Amino acid sequence: MSDLTLFKMALRDLVRAKRLIIAAILVAIPALITILWRMASPEEFDSYDTYNTLSAVLVYGFLLILLSVIFGTGVISQEIEQKTIVYMLTRPVPRWRIALVKFAAAFVGIVLTVWLATILLAFAAFGVGGHEESAALRFSDVRDTSQLMQRLREPQDELSKHLQSRLQDNTLRWIAPDAWQKRREEEAKSERKLDAATTSATSPSPPLPSPPRAGRRDRIGRRVRGSRPSDDRVERLAISGINDTLRNDQGFFRAERFNGVELTPETKSLINKRPSGRELTRLNRLLIEQAWPDLIVHRAQPTFNLGKDLAILPFGALAYGAVFLFMATLLHRPLMYGLVFAFGWEAWVPNLPDKFQMVSIMTYLRTLAPHPRPSAESVDIIQFLSGSNQQTISTTVATTVLVSVIVVALGMALLLFTNREYVPREDSE
Amino acid sequence: MTTSALPPVTTARIAAQPMIALEHTSRWYGQVIGINDVSCWIGAGITALLGPNGAGKSTMLKLITGQLKPTTGHVSVLGLEPFANTNVFRRLGYCPEIENSYDDMSGRDFVTLLGSMAGIPANRLRTRVSEVIEQVGMTANSDRKIGGYSKGMRQRVKVAQAIIHDPDVLILDEPFNGLDPLGRREMSAVLHHMADLGKCVVVSSHILYEVEQMTHNILLMNRGRLLAQGDVFHIRSLIDQHPHRIAITTTDSRGLARRMLDLPYVLSVRFDPLRPGTLEIETHSPELFYTQFPEIVLDHGFVVSSFESPDNNLESVFRYLVGAG
């Protein structure tokens, strides 16, 4: 009876007007971003990628942790600060039980909020305006990256040559420096020709170094100064470059370019349609898939598992909540330390090399609720934050670790709460 | 006067079965002393814990209500160690000094929550909540949010939550703070009612006259030490070895002065220059003086128009004890 009253009171405390507004904004953010993305680039929008990226970065990586910090530490720290904790601590209810009931209310608050955010996100990604799938290449669609890079570096067939020729300077430079050099020389030559033509037309005086040329050289000069990006980055640039071609190149299909390639009926009918937009991307993707079946995988059904996310989120809430409750029972300013842990530790550690990842809760949550890598052209920071999937940790290990974290953190928290004094030192009586 | 000059505390008027006992209890906050080597026994009835701000009253009450653990010594309430002890809390009510409360709750919800946590069965809770709210005079305002309460209203709901489970031991930290005279009277009535039922009621205060009107049983604290415990008269008798002043106004002040100086226990007689006809007598044995004085007056036919002892007032006892007067 008293547990229920306390639970209700704690829950009601969570939905106070001010907090509700902030919570509503937080809940809506992933969905709003999705809608904006869809509006900003309707051609490239991919429901699956958007959902997976935003779920990993915003729901798991931000909302879940943030709410866990606030609600998890708030279970007791707010009452300690306000000193109202004395009312709780002088009741004939065991202290561990008070903490547990209040923790349960916080847990429900966290879970309902992240669930709502996830459902809204899913609805925005798949529901509003239908679900869209981009046929662009993902990083994971390439079976053998080094082989692909090799083909772009030293094109042997027509397709490779075409792809290389369409790469932008900045990409080509890192993949095939020779080809890039050649392109620059040719460009310079043609520009000189052009310059000569324009100067001779206006005046007979000898050509002076024209401002545009100086500017261009400058621009190139600045580029040259940059250091070579990592292999991984170059590979992503390459895939991004190929995707540009797939999306925009209406002349991608040429009979001689795909000579000897066995095209499926679907591809052939698309060729006849001379499509544009999304269908063009799909056609070009099918063409490259069928031309290089050894290199490019057939676009598989992308993963989207709302049920799994909804199931794993409470698990995460429990783990984070327990850790933050523990902090609140132990430390003086738990919210501050909690935020440092949440957005310092938990944000960076999962991206550290193998062994280091093991000391972060997020690593295990990602194992349980994987969100496949977004396609190559996604913004880098998101790429980085969402990190790579950990294939090295098994689900069993992840589950065991998380359960242990929950049990130990919660147990320690309840034990501490039972035995420590929570009366602020009396400044003056 | 130094505190060590006091004779050992006696417990003559304290019930045989103390409900609260402290044995050489000390509590430090780091380097700061909260209370220092306090020993006392508190039984049924109203006991006032008296002392200036910073005397250690709140610390002592927090030790009794199981929020703090003593650094050294022992605290027992109803024979049990109180820290986080639900068996103690079942029979203990506590009205803390803090003004903060659950501002978003109504007074009634606040009392209901704490009442249910105090173990009052659901079927009786509603009636019981209304009862105590009535008792503290908050029926009219009980459904408003605490955030909008005056200091006095907060004080009342705080008391309501403390008495809702009809505790045997009731501890109130500065319960008169913020109350108007009417509120004080009502509060006093509530506490007397509890005391009449044989409960142990401990009230802390730094204002003497609040306490004076309510109980004669006091614990006197200053700078973390317990200076004295007992009846206000008893405490006075503790200081009887020190001069005790009595002012007498009479028509024949010279004649009376002469008589007084004959008494062996009168130390000095002084005429008050500001009040003609008033003499101030210093005695180290007020009890004896009070017994014999009426006889002397009657025998010699003195007309006494006023008779008062500034030392009989708790405030001066207190000031005297703490060396301020």
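1. Chain A is helical: 19 helices and zero strands. The model is a predicted one.

2. Burial in chain A comes next. Of its 429 residues, 38% count as buried. Consider the contacts in chain A with a separation of 6 or more: 79% of them come from residues 24 or more positions apart.

3. Now the contact between the chains. Chain A gives 25 residues to the contact, and chain B gives 34. On the side of chain B that touches chain A, four elements of chain B each supply at least two residues: α1 (57–64), α2 (86–89), β5 (92–95) and α3 (107–117). By class, this side of chain B has 15 nonpolar residues, 14 polar residues and five charged residues.

4. Chain B also holds an open sheet of four strands. The order is β11-β12-β10-β13, with antiparallel pairing. At the edges of the sheet stand β11 (266–271) and β13 (304–308) of chain B, and each of these pairs on one side only. Neighbouring strands of the sheet are turned by 20 degrees against each other on average, direction ignored.

5. Look at one pairing in that sheet. Strands β11(B) and β12 (residues 278–283) of chain B run antiparallel and are joined by five bridges. For B:F271, the bridge partner in β12(B) is B:L279.

6. In chain B, α9 (residues 253–262) lies across β10 (244–250), β11 and β12. Helix α9 of chain B runs at about 165 degrees to β11(B).

How values were computed: Residues numbered from 1 in each chain as written. Chains lettered and ligands numbered in written order. Predicted model: local features only at pLDDT ≥ 70, side-chain atom pairs only at ≥ 80, totals over all residues. Contact = placed C-beta atoms within 7 Å. Nonpolar A, V, L, I, M, F, W, Y, C, P; charged D, E, K, R; others polar. Buried ≥ 20, exposed ≤ 12 C-beta atoms within 10 Å, placed from the backbone. Pairing = 2+ DSSP bridges. Axes fitted to C-alpha atoms, helices over the stretch in contact; angles between N-to-C directions.
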